[in-house]
Amino acid sequence: MRILVVDDEEIKRISLVDDLVEGGYDASAACDGEEALRRLSRERFDLVITDLRMPGIDGMEILKHVKLHTPDTEVVMMTAYGSIPLAVEAMKVGASNFITKPFHNEFLFPLLERIREHRPSPSGAVRPKKPAVTLPLEEVIVGHSTAIRDVRRMVDLCSRNDATVLVTGETGTGKDLIAHAIHDYSARRTRPFIKVNCSTFSDHLIESALFGHTKGSFTGADHQNNGKLDLAQHGTLFLDDVDDIPLVHQIKLLRVIEEKVYERVGSPDPIEADVRIIAATKHNLLAETEKGTFRSDLYYRLNVLRIDLPPLRNHIEDLPELIRHHLGKITQGQEYRMTDDAMQRLCHHSWPGNVRELAHTLERAYLTGNGMITTERMAIDPIEKSAKFGNGGFKETVQQTERDLLENALKQAHGNKSEAARILDMKLSSFRDKLAKHGLA
Ligand SMILES: Nc1ncnc2c1ncn2[C@@H]1O[C@H](COP(=O)(O)OP(=O)(O)OP(=O)(O)O)[C@@H](O)[C@H]1O
Ligand SMILES: [Mg+2]
């Protein structure tokens, strides 16, 4: 796996590259964003590990560049504890994961292995999947709240048929987990599971990425290429961030669902599609149809079976079980202890990054604390105070709403602060002050 490390801090950059090379990876470094973009335009990398904050071109810009030009290249962000909300934002833009600095290699290497396992082999074929394990669903989708029981019931139902499924939920609520579970428990479990992250393709590339293309069908198409639908034949196609498929291409997807046929770009020959489709979105698709950005006929076709994943703050009663589950995976049977204070702190956080944020917090605390999980080691942003969004006191609710407004505006403005301030009709200086207050600066 070819890795590019981007960090403006020389010592960290050199020692990370050394560790990676020692670990058997083909790693090299760029000392800033400019050098990274230069190298990315000339060479192919499987993975970019980049610092989020750097003077000049920062990690977010590198991520956007990669996702636009070489969407198959994975990106992992390195970030300080204070910038976790920004790292969560980066994941929404397409980063595979983030690691908080300082980190231990015991944390980084398993992450790299997970990325390697999920990457297609150089020939374009997906690595053979390990045989599906038949764990009880309760051990895969953890929690005994009514909401999570309902989710499990729906996954069980979905796995017994081939209908199209729509999975909705905020970042980190388990959309990928659910899509995999439906496939792993279905009759298609030994066939391919192909994920398409629709947000990472530019408008003109997504059609060929999904449906494939024939030689000469557009400038640069010098050979026939299989699309994700070809790869997913007899298996499951997981369309993540489905609302990012441009309107013009949505009709072709609708046809796959309705008529079970598609054509490669540049070819009139219909191909039969024996593919089960699972789509996921973080947004309200119905609202998108009302705005005219998503076809309503496609929405109704996708929405045959629907699983709405609750944010963690709305099933906080599952926290102890989720903590046990994730610590079990992280520690792999090694002993650990958690102080009462730490448990209290976990219960009083609002978890904007949901279960993923919980798993990262536990992993960080365990690895840096030698098996002792303490409040200090978890390093949760101290601003997060209310356990249940909207159920806290007046002050907490106002704080949370303000934070949500700031985050949403930043998201809409793709991280551009002046634009976000304009959306909120605020002076840039006041907007910056508010960001700093919420630890989002
Ligand atoms: N109910 C659950 N039980 C066990 N683990 C869970 C549960 N929900 C989420 N997770 C874990 O949380 C992490 C994030 O889940 P996942 O990647 O599926 O989220 P997502 O909704 O796809 O996020 P994104 O929108 O950012 O892609 C994973 O490690 C997943 O295993
Ligand atoms: Mg996901």
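User: What makes a stretch of chain count as a helix or a strand here?

Analyst: Both are DSSP runs, numbered from the N terminus: helices are H or I with at least four residues, strands are E with at least two. F193 lies in one such run, strand β7. The protein chain has 19 helices and 14 strands. This is a predicted model, where local features need pLDDT of at least 70, side-chain atom pairs count only at pLDDT 80 or more, and totals for chains, interfaces and linings use all residues. Residues are numbered from 1 along each chain as its sequence is written, while chains are lettered from A and ligands numbered from 1 in the order in which they are written.

User: How do you know whether the size of the protein chain agrees with a compact globule?

Analyst: The rule is 2.2 Å times the number of residues to the power 0.38, with the radius of gyration taken over C-alpha atoms. For 441 residues a compact globule would come near 22 Å; the protein chain has 22 Å, so the two agree.

User: What makes the buried residues of α8 lie where they do around the axis?

Analyst: In α8 (residues 203-211), the buried ones are I206, E207, A209, L210 and F211. Their arc spans only 170 degrees, so they sit on the same side of α8. That arc is taken from the directions from the helix axis to the C-beta atoms. Their cover includes β7 (193-197), α9 (228-231), α10 (247-259) and β9 (261-262). Just after α8, G212 takes a positive phi of about 80 degrees.

User: Which residues come nearest to ligand 1, and what makes a residue near?

Analyst: A residue is near a molecule or strand if its C-beta atom, placed from the backbone, lies within 6 Å of it. Of the 19 residues around ligand 1, T171, G174, K175, D176 and V355 come nearest. At least two shell residues come from each of α7 (175-184), α13 (319-331) and α15 (354-368).

User: Which domains does the shell around ligand 1 draw on?

Analyst: Domain 2 (137-308) and domain 3 (312-378) each give at least three residues. Those bounds come from an automatic or database domain assignment.

Technical notes
A residue is buried if 20 or more other C-beta atoms lie within 10 Å of its own, exposed if 12 or fewer, and partly exposed in between; C-beta atoms are placed from the backbone. Two residues are in contact if their C-beta atoms, placed from the backbone, lie within 7 Å.
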